[in-house]
Amino acid sequence: LRIHVGGETIEVWHTPPAHTDGDSVVFFQNAKVLHMGDLFFHKVVPFIDVRGGGSPAGYLKALDAVIARAPADVTVIPGHGEVTNLDGLRGMRRYVADVIEAARKARAAGRTKEQFLAEVDLPAYREYQGWADRFKANAAAAWDELGS
């Protein structure tokens with residue numbers, strides 16, 4: 001969707017399911033500002049709403065699509081966390097990819113879901129807000145998605 005208001009062009013981009021199955025971002029073309037809403041948690045562990053159609057693999061696809069489309073000098077406003085740039089988005093992508101890879105490795109090693117959830121730890125992200133509340137849920141979502 002593209003809207004022209006005054007001297008600004010505003011685009012709304014629908015993304016693959018990530019936080020939910022209804023994720024979109026708003027890009028202010030002239031200002032080079034991208035508002036991500038709940039699709040982007042900057043240095044905050046995201047909530048992947050599996051019941052609402054969210055998906056760890058979809059998160060990677062959604063972030064890849066946004067990163068590929070956004071200009072290099074874009075300012076990114078997250079739904080949670082501080083304003084950042086494309087490096088911040090890449091950091092979020094790394095987090096999701098690391099969670100999925102941890103689940104993949106545990107499955108390949110023959111671990112059960114319960115063993116995986118008891119053992120999984122990604123120290124690089126422990127300082128993210130929401131670690132204690134949402135990290136294990138993200139790990140469980142990645143585990144479950146890999147099994148389907």
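Visitor: Where is the place of L1 relative to strand 1?

Guide: L1 sits in the segment before strand 1 (2–5). Strands here are DSSP runs of E with at least two residues, and helices are runs of H or I with at least four, numbered from the N terminus. This is a predicted model, in which local features need pLDDT of at least 70, side-chain atom pairs count only at pLDDT 80 or more, and totals for chains, interfaces and linings use all residues. Residues are numbered from 1 along each chain as its sequence is written, and side-chain values use heavy atoms, without hydrogens and water.

Visitor: Why does L1 count as exposed?

Guide: Exposed means over 50% relative accessible area, buried under 20%, partly exposed in between (1.4 Å probe, protein chains only). L1 has 69% relative accessibility, so the label is exposed.

Visitor: Which residues make a nonpolar surface patch with L1?

Guide: I3 and V5 do, and the patch covers about 290 Å². Nonpolar side chains are joined within 5 Å, like charges within 9 Å.

Visitor: Why is the pair of Y95 and Y125 called edge-to-face?

Guide: Rings pair if their centres lie within 6.5 Å; planes under 30 degrees apart are stacked, over 60 edge-to-face, the rest tilted. Y95 and Y125 have centres 5.1 Å apart and planes at 80 degrees, so the pair is edge-to-face. Y95 lies in helix 2 (residues 86–108), and Y125 in the loop between helix 3 (113–119) and helix 4 (131–147), 30 residues apart. Both Y95 and Y125 are buried.

Visitor: What makes F116 and W143 a stacked pair?

Guide: Their centres are 5.3 Å apart, with 20 degrees between the planes. F116 in helix 3 and W143 in helix 4 are 27 residues apart. F116 and W143 are both buried.

Visitor: What lies over the face of W143?

Guide: R107 does, at 4.2 Å from the ring centre. The rule asks for NZ of Lys or CZ of Arg within 6 Å of the centre and within 35 degrees of the ring normal.

Visitor: How many bridges join strand 2 to strand 3?

Guide: Five bridges join strand 2 (residues 8–14) to strand 3, and the two run antiparallel. Pairing needs at least two DSSP bridges. H14 has S24 as its bridge partner in strand 3.

Visitor: Which residues form the covered face of strand 3?

Guide: V25 and F27 do, while S24, V26 and F28 form the uncovered one. In a regular strand, side chains alternate between the two faces of the sheet.

Note on methods
Patches are made of residues with over 30% relative accessible area and no salt bridge: like charges are joined within 9 Å, nonpolar side chains (Val, Leu, Ile, Met, Phe, Trp, Tyr) within 5 Å. Accessible areas come from the Shrake-Rupley method with a 1.4 Å probe; for residues, only the protein chains shown count as cover. A salt bridge is a side-chain nitrogen of Lys or Arg within 4 Å of a carboxyl oxygen of Asp or Glu. Rings of Phe, Tyr and Trp (its six-membered ring) pair if their centres lie within 6.5 Å; planes under 30 degrees apart count as stacked, over 60 as edge-to-face and the rest as tilted.
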